[in-house]
2 protein chains.
Amino acid sequence: MAKSIHIALIDDDEAVLDSLGLYMHTQQIATAGFSTAQEFLTALQQHKQFDCIVSDVRMPGMSGLELVRELKSRNIGAPIVLITGHGDVDMAVAAIKVGAADFIEKPFDESRLLASVRDAIEESQQRENFGEQKDLPAKFESLTARQRQVMELAVAGLSNKEIGSRLDISPKTVENHRAWVMERIGARNIAELVRLAMKYDRQS
Amino acid sequence: MAKSIHIALIDDDEAVLDSLGLYMHTQQIATAGFSTAQEFLTALQQHKQFDCIVSDVRMPGMSGLELVRELKSRNIGAPIVLITGHGDVDMAVAAIKVGAADFIEKPFDESRLLASVRDAIEESQQRENFGEQKDLPAKFESLTARQRQVMELAVAGLSNKEIGSRLDISPKTVENHRAWVMERIGARNIAELVRLAMKYDRQS
DNA sequence: TAGACCTTGGGTAATTTCACCTAGGTGTTA
DNA sequence: TAACACCTAGGTGAAATTACCCAAGGTCTA
């Protein structure tokens with residue numbers, strides 16, 4: 001349910017990496033620090049996944065802006081938040097145009113960055129959800145009859161015990177069906193399942 | 001969350017009361033048995049509340065049909081399921097017309113009655129909900145700013161811990177706000193809250 | 001200023017959910 | 001027949017929710 005957040009921090013200044021990493025940690029966000037864009041790209045090639053990428057703009061080697069372009073050309077979906085100490089309007093415009101999620105000037109409040117990161121992740125997930133919505137009918141129709149029964153009662157707000165007595169099966173079995181439903185539909189919690197189920201109901 | 005169900009059983013045949021009461025008990029449904037409609041009405045006057053009333057039709061004194069009329073004239077909302085051993089189509093039609101929720105001929109399967117009772121309760125609750133829907137905006141707007149924040153994040157599927165770190169308050173406080181929200185909105189569980197919140201979003 | 005309400009957060013205990021696992025019985029299909 | 005999917009249901013352990021209780025401090029208002 002929790003869905004831990006994991007972000008990448010890219011900055012050639014170690015002090016920045018440390019302080020941001022520490023702050024994010026206090027916010028239950030895992031971080032991986034990289035001194036250069038190249039280092040980060042190497043990690044990517046090793047199948048590492050990040051929910052968001054926070055990168056400095058001015059760095060030796062590949063710049064943050066170039067990194068954004070590179071990632072976009074690779075079709076990496078993770079949102080990228082750029083931070084910089086020497087930004088100007090043009091640079092900011094360019095960054096957003098090529099697809100950066102945000103562009104923040106140093107010095108900034110850590111909470112400001114956090115909010116930006118969260119917004120970016122949320123937005124990208126909503127994009128994902130839009131993609132998924134087309135498969136909604138397919139997903140719901142892939143449920144077995146039993147799973148559908150359980151799903152409907154769960155969405156109606158019944159506990160596993162109540163569903164069990166309603167369907168005359170053990171609460172444990174309900175639990176199992178429920179787990180399957182969550183996985184098949186791709187919902188991370190009941191709230192999401194309810195939302196998707198309502199969407200599906202209205203669609204079809 | 002559980003919302004225990006409590007129904008009234010009215011039949012002049014003690015054996016019927018006993019067996020139905022026993023069966024309902026196995027289904028986590030509490031029952032109160034009455035030998036005559038009058039007895040039941042007396043209980044009603046003592047502020048007893050029932051989610052559903054199951055009554056025989058042919059009884060000494062007031063008949064089941066008369067009971068339905070009586071209750072309707074008193075504006076009692078609880079659904080009434082009639083059961084009878086000597087029914088005919090006309091009687092059934094009349095029963096439904098005056099507002100009985102269902103009309104079942106003996107002998108019947110206990111599970112058949114159970115399903116009928118549950119459907120009736122669900123329907124009557126939906127009627128209630130329709131009534132409540134008009135108050136939906138009022139309810140949501142009665143939330144304080146903090147409660148609304150918590151509500152929105154909860155509906156989005158975040159755990160109390162996540163909401164806490166997002167709002168920089170302790171999970172415990174989130175819990176308290178959440179409880180208030182549930183009470184104010186009148187939702188019995190998250191699923192219901194999500195549904196109401198979506199309804200509200202679409203309405204306004 | 002006293003009362004009402006909101007926000008904050010602590011405690012305790014019961015219940016529920018979640019994420020794993022194993023495993024038998026059934027029915028379908030390659 | 002063997003593989004596969006499904007339903008059933010048990011176990012364990014961690015995490016979360018729910019329902020209560022309590023109290024302190026702030027703000028606003030009659």
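Modeller: Let us begin with the chain pair: 18 residues of chain A are in contact with 18 residues of chain B. Please keep in mind that this is a predicted model.

Colleague: How do you know how chain A and chain B are related?

Modeller: Chain A is superposed on chain B by a rotation of 179° with 0.1 Å of shift along its axis, and the RMSD is 0.2 Å. The two copies are therefore related as by a two-fold rotation axis. The C-alpha of chain A nearest that axis belongs to A:Ala191, at 3.0 Å.

Colleague: What shows that the same surface serves both copies?

Modeller: Of the contact residues of chain A, 100% recur in chain B.

Colleague: Which residues are closest to DNA strand D, and how many surround it?

Modeller: DNA strand D is surrounded by 22 residues, and the closest are A:Thr144, A:Arg146, A:Ile169, A:Ser170 and B:Asn160. Two or more residues of this surface come from each of helix H7 (145–155) and helix H9 (171–185) of chain A, and from each of helix H8 (160–167) and helix H9 (171–185) of chain B. The classes here are eight nonpolar, nine polar and five charged residues.

Colleague: What surrounds DNA strand C?

Modeller: Around DNA strand C there are 19 residues, with A:Ser159, A:Asn160, B:Thr144, B:Arg146 and B:Ile169 the closest. H8 and H9 of chain A, together with helix H7 (145–155) and H9 of chain B, each supply at least two residues of that surface. By class, the surface near DNA strand C has six nonpolar, eight polar and five charged residues.

**Inside the chains**

Colleague: What is the secondary structure of chain A, and what part of the chain counts as buried?

Modeller: Chain A has 10 helices and five strands. Of its 204 residues, 32% count as buried. Among contacts in chain A with a separation of 6 or more, 62% are between residues 24 or more positions apart.

Colleague: Which residues of H8(A) are buried, and what covers them?

Modeller: A:Glu162, A:Ile163 and A:Gly164 are the buried residues of H8(A). Their cover includes H7 and H9 of chain A. Just after H8(A), A:Asp168 takes a positive phi of about 60°.

Colleague: How do you know that the buried residues of H1(B) line one face of the helix?

Modeller: The buried residues in question are B:Leu17, B:Leu20 and B:Met24. Seen down the axis of H1(B), the buried residues fall within an arc of 80°, so they line one face. They pack against strand E1 (5–10) and strand E2 (29–34) of chain B. On the other side of H1(B), the exposed residues are B:Glu14, B:Ala15, B:Ser19, B:Leu22, B:His25 and B:Thr26.

Colleague: How does the reach of helix H1 of chain B stand against the expected value?

Modeller: Helix H1 (residues 14–26) of chain B has 13 residues and spans 19 Å from first C-alpha to last, close to the 18 Å expected at 1.5 Å a residue. Just after H1(B), B:Gln28 takes a positive phi of about 60°.

Colleague: Why is A:Lys199 called partly exposed?

Modeller: A residue is buried at 20 or more C-beta neighbours within 10 Å and exposed at 12 or fewer. A:Lys199 has 15 neighbours inside 10 Å, so it counts as partly exposed. A:Lys199 is found in helix H10 of chain A.

Colleague: What makes B:Glu152 partly exposed?

Modeller: B:Glu152 has 15 other C-beta atoms within 10 Å, and therefore it is partly exposed. B:Glu152 lies in helix H7 of chain B. B:Glu152 and B:Leu193 are 41 residues apart in sequence, and their C-alpha atoms are 10.0 Å apart in space.

Definitions and conventions:
Residues numbered from 1 in each chain as written. Chains lettered and ligands numbered in written order. Predicted model: local features only at pLDDT ≥ 70, side-chain atom pairs only at ≥ 80, totals over all residues. Near = placed C-beta within 6 Å. Helix = DSSP H or I, 4+ residues; strand = E, 2+ residues; numbered from the N terminus. Nonpolar A, V, L, I, M, F, W, Y, C, P; charged D, E, K, R; others polar. Expected span 1.5 Å × (residues − 1). Arc of directions from axis to C-beta. Contact = placed C-beta atoms within 7 Å. Least-squares fit on C-alpha atoms with pLDDT ≥ 70 in both.
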